[in-house]
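Have the coordinates open while you read.

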Amino acid sequence: NNGDRFDVIAFSTGTDSYGDGLRSADDAGAADEWVSGLAAGGSTNIDLALSEAFDRAQAGRPTYVVFLTDGLPTEGVIDTPEILANLEERARETVSIFAFGVGFDVDTFLLDAIARDHHGTTTYVGPDEAIDAAVETLYSKVASPVLTGVSLAIDGVTVSDLHPTPLPDVFRGGQLVIAGRYEGSGPATVTLSGRVGGESVALVFEDIRFAESGGDPSIPRLWATRKIG
C-alpha cells in the first residue's frame with residue numbers, strides 16, 4: 001500500500017537482503033525480480049534471519065514480519081529457548097510475526113512459540129499445497145489492522161490464567177477470543193486498550209456481568225486446551 005515500507009531477507013547459512021533497510025512500496029517490482037534470482041542452498045540460520053528482521057522495526061509504526069521456512073534451525077543458534085530469548089530481547093512492542101512452515105521438516109513448537117510471543121499466527125503448508133494462497137489470505141487480514149498492542153484490564157473480579165498471552169493484534173474481519181479464570185462475581189468494568197494508527201486508545205465496557213456459577217460448557221475446554229498448548 002502507499003506509505004508502506006518493506007524489505008526482503010533471504011537466509012540460509014547467512015543472510016542476504018534486498019534493501020539493507022526499509023524501502024518504499026514503489027520498489028516492489030524490483031524486489032520481485034531479486035527474489036526470482038534466489039537459489040536454495042546452505043543451512044538454516046533462523047535466529048540470524050529473524051534478528052535482522054526485528055532490527056528493521058522502528059518505534060511508532062506497526063511492523064509485520066512474514067517468516068517462511070521449510071527447515072529446522074541448523075546454523076548459528078539452534079537451541080529453541082535461546083532463539084526465543086534472543087528475539088524477546090530484540091523485539092519492539094510494535095512487531096508482529098506471522099510464520100509459515102512449509103513441508104514436514106519444520107519445528108512446530110518453535111514457530112508456534114515465536115508467533116505466540118509476538119502477536120502473530122502460524123500457518124502450516126503441506127509440500128503439495130500452494131503457499132501463495134496462504135500468504136494472500138494473511139495479507140488480506142493484516143492489511144487492515146484495527147487494534148495493535150492489545151491489553152485487557154478487568155476491575156471488579158480477580159482474573160488469572162488468561163490465554164492467549166500476550167494478546168494478538170485485532171484485524172478487520174477477525175475477532176479476539178480470550179479464555180481465563182476469575183474469582184468473584186457480579187458487575188465488572190472491562191477496559192480494552194491498544195493503538196489505532198499509532199494513537200493510544202482505551203475502550204471501556206461497564207457493567208459486564210460475571211456469573212457466580214454455570215456458563216457455556218465449551219469455555220472450560222477452550223481454556224484448558226490453550227493452557228496446555
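This is a predicted model: local features need pLDDT of at least 70, side-chain atom pairs count only at pLDDT 80 or more; totals for chains, interfaces and linings use all residues.

Two strands count as paired if DSSP finds at least two bridges between them.

The strands β5, β6 and β7 form an open sheet in the order β5-β6-β7, and the pairing is parallel. At the edges stand β5 and β7 (122-125), each with a single partner strand, so one side of each has no neighbour in the sheet. On average, neighbouring strands here are turned by 15 degrees against each other, with direction ignored.

How many bridges hold β5 to β6? Seven bridges join β5 to strand β6 (residues 95-102), and the two run parallel. In that pairing, F67 sits opposite A99 of β6. On the β7 side, β6 is joined by four bridges, again in a parallel arrangement, and V102 has V125 in β7 as its bridge partner.

Strand β5 is worth a look residue by residue. In a regular strand, side chains alternate between the two faces of the sheet. Along β5 (residues 63-69), T63, V65, F67 and T69 point to one face and are buried.

Helix α4 lies across β5, β6 and β7 and runs at about 150 degrees to β7. Helix α5 (residues 131-142) also lies across β5, β6 and β7, with an angle of about 165 degrees to β6.

**Helix against helix**

Two packed helices are described by the angle between their axes and the distance between the axes.

| Helix pair | Axes come within | Crossing angle |
|---|---|---|
| α3 (residues 80-90) and α4 (residues 108-117) | 11 Å | roughly 20 degrees |
| α2 (residues 46-55) and α3 | 10 Å | roughly 10 degrees |

Take α3 and α4 to begin with. Their axes cross at roughly 20 degrees, which makes α3 roughly parallel to α4, and α3 passes α4 in a right-handed crossing. From α3, the residues T80, I83, L84 and L87 meet F109, L110, A113, I114 and D117 of α4. By class, that contact divides into seven nonpolar residues, one polar and one charged.

Now for α2 and α3, whose axes cross at roughly 10 degrees. That angle makes α2 roughly parallel to α3. The α2 side of the contact is D47, L50, S51, F54 and D55, and the α3 side is I83, N86, L87 and R90. What classes do these residues fall into? The contact of α2 with α3 has four nonpolar, two polar and three charged residues. I83 and L87 of α3 turn up in this contact and also in the one with α4.

A few backbone spots deserve a check before you set anything up. H163 and P164 are joined by a cis peptide bond, with omega about 5 degrees. P164 itself is in the loop between β9 (158-163) and β10 (170-171).

Strand β9 also holds D161, which has a positive phi of about 50 degrees although it is not a glycine. Is D161 buried, partly exposed or exposed? At 31% relative accessibility, D161 counts as partly exposed. D207 is another non-glycine residue with a positive phi, near 60 degrees, and its place is in strand β13 (residues 199-210).

Definitions and conventions: Residues are numbered from 1 along each chain as its sequence is written. Side-chain values use heavy atoms; hydrogens and water are left out. Axes are lines fitted to C-alpha atoms, for helices over the stretch in contact, and angles run from 0 to 180 degrees between N-to-C directions. Angles under 35 degrees count as roughly parallel, over 145 as roughly antiparallel, 65 to 115 as roughly perpendicular and the rest as oblique. A crossing is left-handed if the near helix is turned anticlockwise from the far one by less than a right angle, and right-handed if clockwise. Contact means heavy atoms within 4.5 Å. Ala, Val, Leu, Ile, Met, Phe, Trp, Tyr, Cys and Pro count as nonpolar, Asp, Glu, Lys and Arg as charged, and the others, Gly among them, as polar. Buried means under 20% relative accessible area, exposed over 50%, partly exposed in between (1.4 Å probe, protein chains only).
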